[in-house]
Amino acid sequence: MDTVLRGSNSKAQCQQQTRIDQFLDNIWAERGVSRNTLEAYERDLRSLCAWLNEREKSLEQAQQEDLLEFLSFKVGKGAKASSNARLLSSLRRFYRYLLRISVLEADPTALIESPRQGRVLPGTLTENEVERLLRAPDTTHPLGIRDRAMLELLYATGLRVSELVMIRQDEISLEQGIVRIIGKGRKERLVPMGEEALHWLVQYLREAREELMQGKGYCEQMFITSRGAGMTRQAFWYVIKRYALSANIHKDISPHTLRHAFATHLLNHGANLRVVQLLLGHSDLSTTQIYTHVAQSRLQELHRKHHPRG
């Protein structure tokens, strides 16, 4: 009897995974979401699936109270409001998909409110700190030239690190000083590079890339490692950490910190918020507005420091 039950449970779990796989295939085909996003959706749904299995329920059988209890369970395990908001977003997409393909007649997430989140201001760097970071690579060596070009391009354009490492040579116009980016949701945008980034990019192409690539085949990515393979997000994360240390910057920074600095410094120097939104590739202006708080804080600090009545 136990063997039969175990076989039945195994079959049910297989069916649940098939349903999750179908959902992931669907949103990948329709929205072109990134691999990281797909993996996050899968983790969330597998976690819910395991939790429901312990209560002898399937994903399709879950009701609003089940999902509320699951979210409460996650909070009890130490999940932050931001993590639970993302988790609820995953569940909403999944159950709306089931509703759309007529597996369900009602969406159990429809009346669940998202947890309130405090506004988290992104960490950033001062202009002086950015300057020190950009000058940290040893540009007498090919890898140093590559790293300087990558740092300059990241700060000049505000790209996501995933966008930076995936740039191909045919997506950059050296004549026009523009890089074509395929961002989230497969949305395309054209971003100007600026003279300094363009200078180091040209130097990288002329003096470093061919030497790094020599005898190692072909790689369509613009930025490559010493082995001739495309640079990865993880590898560049270690690169920027190392240069922050050598530049005597005692902050917990990542490639995303330069994206924040790009937006904040543009606003500090009078850039229009809508322009910053387009350059960053944000679909919603409210996502960009968080940088106005960073810029405003910086301006208030400067006012207090330098104004005679500050």
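How exposed is Glu131, in relative accessible area? Glu131 is partly exposed, at 35%. Here, buried means under 20% relative accessible area, exposed means over 50%, and partly exposed lies in between (1.4 Å probe, protein chains only).

This is a predicted model, in which local features need pLDDT of at least 70, side-chain atom pairs count only at pLDDT 80 or more, and totals for chains, interfaces and linings use all residues. Residues are numbered from 1 along each chain as its sequence is written, and side-chain values use heavy atoms, with hydrogens and water left out.

**View 1. Glu131 pairs with Arg135.** The two residues form a salt bridge (a side-chain nitrogen of Lys or Arg within 4 Å of a carboxyl oxygen of Asp or Glu). Their closest N and O atoms are 3.1 Å apart. Glu131 is partly exposed. Arg135 is exposed, at 55% relative accessibility. Side chains of opposite charge can pair when their charged atoms come close. By the salt-bridge rule, the count comes to 16.

**View 2. Arg55 meets Glu54.** Their side chains form a salt bridge, with 3.6 Å from N to O. Arg55 is partly exposed, with a relative accessible area of 35%. Glu54 is exposed, with 64%.

**View 3. A salt bridge joins Arg148 and Glu152.** The N to O distance is 2.9 Å. Both residues lie in helix α6 (residues 142-157). Helices are DSSP runs (H or I, at least four residues), and they are numbered from the N terminus. Arg148 and Glu152 sit four residues apart, about one turn of the helix. Arg148 is buried, at 8% relative accessibility. Glu152 is buried too, at 5%. Salt bridges that share partners also join Arg146, Asp147 and Arg242 into one network.

View 4. Helix α9 covers residues 233-246, which makes 14 residues. The expected span is 1.5 Å times one less than the number of residues. For α9 that gives 20 Å, and the end C-alpha atoms are 20 Å apart, which agrees. Which residues of α9 are buried? They are Phe236, Val239, Ile240, Tyr243 and Ala244.

View 5. The face turned away from the buried side carries the exposed residues Tyr238 and Leu245. Just after α9, Asn248 takes a positive phi of about 60 degrees.

How values were computed
Helices (H or I, at least four residues) and strands (E, at least two) are DSSP runs, numbered from the N terminus.
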